[in-house]
Amino acid sequence: MASTGGGGEEAEEERVLSYGDVVLRRGDLSILRGPRFINDRIIAFYFAHLSLASAHRDDGLLLLPPSIPYLLANLPDPASVAAVAAPLRLASRRLVLLPVNDNPDVSLPEGGSHWTLLVLDNASPSAPRFVHHDSLRGAPNLPAATRLADALRPLLADASTGSRRRVPLVEGPTPRQPNGYDCGVYVMAIARAICGWWSSGGEGDWFEAVRREVDAGSVTAMRAELLQLIARLIQDKANARSQEGDKEH
């Protein structure tokens, strides 16, 4: 996965925005200006933003930062997975959005070359199921998504009987990226389409929303939109600090 590291005085100087548990750095803005591979910090920021925008409806929708699905997929045994996942209450959620990275080496922070989105669907008429959205032809990230789904299945027991449910994994319709670096932006764009579908009532499934709202043009525009969002949030924080300073004088 892309590095979230950096230490000491240099890392402190590079910080541009703290948003929830995510700290964006100046280098992240350069990544968004592109064309560059999106890192986990940018996806975590945008998922936190979508979560905040959707929080007014209910807690049936859960968007997880990339570090959590990666951890769950690579823990050594089911007991460890259950312990880490317990606070997430996955079985009681209607939708869970999980970014998937293909990094095979947990000791390599900058590993991985492809992002996809796995959705735990307990909301649509076809639920329960996992739906995988991969923007590359042939779904090359399916093995990584399958590993994550396999780790989570034991947690999805039927609430009424306590028995384990059959939860298939299917490939969802996904627009194809025309380059080798926009997969992370596709993950964010698909997540935005799903959240919009959910906020509008969540009828049927979200596939038509993805087909309608996600394409190469909207993904290119999304990089600029994210830069504008970050700039607005930075300005909002600066204004809030200024107002606090005025009150003290």
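Q: Which side chain meets that of Glu-213 in a salt bridge?

A: Side chains of opposite charge can pair when their charged atoms come close. A salt bridge here is a side-chain nitrogen of Lys or Arg within 4 Å of a carboxyl oxygen of Asp or Glu. Glu-213 pairs with Arg-212, at 3.5 Å from N to O. This is a predicted model, in which local features need pLDDT of at least 70 and side-chain atom pairs count only at pLDDT 80 or more, while totals for chains, interfaces and linings use all residues. Residues are numbered from 1 along each chain as its sequence is written, and side-chain values use heavy atoms, with hydrogens and water left out.

Q: Is Arg-212 buried or exposed?

A: Buried means under 20% relative accessible area, exposed over 50%, and partly exposed in between (1.4 Å probe, protein chains only). Arg-212 is exposed, at 54%; Glu-213 is partly exposed, at 33%.

Q: How many salt bridges does a search of the whole structure find?

A: The search finds 10. Among them is Arg-41 with Asp-28, whose closest N and O atoms are 2.8 Å apart. Helices (H or I, at least four residues) and strands (E, at least two) are DSSP runs, numbered from the N terminus. Arg-41 lies in helix α3 (residues 40-54) and Asp-28 in helix α2 (residues 26-33), so the pair ties together parts 13 residues apart in sequence. Arg-41 is buried at 11% relative accessibility, and Asp-28 is buried at 2%.

Q: Which residues are linked with Arg-129 in a network of salt bridges?

A: Asp-121 and Asp-205 are linked with Arg-129. Arg-129 is buried, at 7%, whereas Asp-205 is partly exposed, at 30%.
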